[in-house]
Amino acid sequence: MQKQIKYKLYIMELEKSMTKRTAYMGMLTALAFVFSYIESLLPIHLGVPGIKLGLANLVVMVALYTMSGKAAFTLSLVRIILTGFTFGSLSTMIYSFAGGMLSLGIMVLLKRYKLFSVTGVSVLGGVFHNFGQIIAAVFVAETASLLYYLPVLILSGTAAGTFIGILSSILIRHLTNLLNEKQN
């Protein structure tokens with residue numbers, strides 16, 4: 001009888017934890033979607049198409065550091081699909097997917113091996129996001145001449161990654177403290 005009660009309490013705690021995790025993931029997904037929308041309204045014209053701040057990557061970084069790589073992957077994939085269908089086209093989805101997945105893969109590895117700070121992970125994520133998009137564009141357009149954009153995109157990825165990384169590290173620190181306080 002005691003074992004059954006303990007088991008039921010364990011299951012109730014597990015369900016409560018899963019509900020909180022699902023709600024947190026839903027909130028992050030909505031926030032990433034809103035940030036993508038805001039970013040689509042911000043005109044950034046630096047002579048090279050596709051340069052953005054990457055505001056939604058702020059949310060992906062928070063998911064990566066407060067949840068897991070799998071959660072960040074799910075969030076990133078859902079955001080790419082939602083924003084592609086809502087604000088973009090199939091081609092923007094292809095470029096976003098190529099950049100986003102390469103970027104996330106690099107960030108997961110760097111985080112796992114603790115080679116860089118949150119900001120360093122974000123910077124390399126920004127650079128590899130642009131690299132992934134250029135590689136996709138080279139294949140879609142069937143021309144290597146697009147690689148000439150790479151130096152400018154590396155600079156913009158570094159700048160955006162630094163900005164997002166600094167904001168991410170502040171948010172991650174505060175959210176981690178908040179989540180730890182609620183558990184105690």
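Me: Where is E142 found?
Reply: E142 sits in the loop between α5 and α6 (150-183). Helices here are DSSP runs of H or I with at least four residues, strands are E runs of at least two, and both are numbered from the N terminus. This is a predicted model, where local features need pLDDT of at least 70, side-chain atom pairs count only at pLDDT 80 or more, and totals for chains, interfaces and linings use all residues. Residues are numbered from 1 along each chain as its sequence is written, and side-chain values use heavy atoms, with hydrogens and water left out.

Me: Why does E142 count as exposed?
Reply: Exposed means over 50% relative accessible area, buried means under 20%, and partly exposed lies in between (1.4 Å probe, protein chains only). E142 has 72% relative accessibility, so it counts as exposed.

Me: What is the phi of E142?
Reply: Positive, about 55 degrees, although E142 is not a glycine. Most residues other than glycine have a negative phi.

Me: What is the phi of K114, and where is its place?
Reply: Phi of K114 is near 50 degrees, a positive value in a residue other than glycine. K114 belongs to the loop between α4 (90-112) and α5.

Me: Why does K114 count as exposed?
Reply: Its relative accessibility is 70%, so K114 passes the cut-off and counts as exposed.

Me: Why does H129 count as buried?
Reply: H129 lies in α5, residues 118-141. Its relative accessibility is 15%, so it counts as buried.

Me: Which residues does H129 touch?
Reply: S96, G99, G100 and S103, leaving out residues up to four places away in sequence. Contact means heavy atoms within 4.5 Å.

Me: What is the reach of helix α3, and which of its residues are buried?
Reply: Helix α3 (residues 69-87) has 19 residues and reaches 26 Å from its first C-alpha to its last, close to the expected 27 Å. Its buried residues are A71, A72, L75, S76, R79, I80, T83 and G84.

Me: How many aromatic pairs does the ring rule count?
Reply: Three. Rings of Phe, Tyr and Trp (its six-membered ring) pair if their centres lie within 6.5 Å; planes under 30 degrees apart count as stacked, over 60 as edge-to-face and the rest as tilted.

Me: Why is the pair of F33 and F87 stacked?
Reply: The ring centres of F33 and F87 are 5.4 Å apart and their planes stand at 25 degrees, so the pair is stacked. F33 lies in α1 and F87 in α3, so the pair ties together parts that are 54 residues apart in sequence. F33 is partly exposed at 24%, and F87 is partly exposed at 33%.

Me: What makes the pair of Y37 and F87 tilted?
Reply: Their ring centres are 5.2 Å apart and their planes at 35 degrees, so the pair is tilted. Y37 lies in α1 and F87 in α3, so this pair ties together parts that are 50 residues apart in sequence. Y37 counts as partly exposed at 38%. Ring pairs link F33, Y37 and F87 into a cluster.

Me: Which residues make the nonpolar surface patch?
Reply: V34, Y37, I38, L41, L42, I44, L53, F87, F163 and L167, with an area of about 780 Å². The elements giving two or more residues to this patch are α1 (2-41) and α6. The largest share, four residues, comes from α1. A patch takes residues with over 30% relative accessible area and no salt bridge; like charges are joined within 9 Å, nonpolar side chains (Val, Leu, Ile, Met, Phe, Trp, Tyr) within 5 Å. A salt bridge is a side-chain nitrogen of Lys or Arg within 4 Å of a carboxyl oxygen of Asp or Glu.

Me: Why is I38 partly exposed?
Reply: I38 is in helix α1. Its relative accessible area is 35%, so I38 is partly exposed.

Me: How many helices and strands does the protein chain have?
Reply: Six helices and zero strands. Its C-alpha trace spans about 70 × 30 × 30 Å along the principal axes. Of the 184 residues, 35% are buried.

Technical notes. Accessible areas come from the Shrake-Rupley method with a 1.4 Å probe; for residues, only the protein chains shown count as cover. The expected span of a helix is 1.5 Å times one less than its number of residues.
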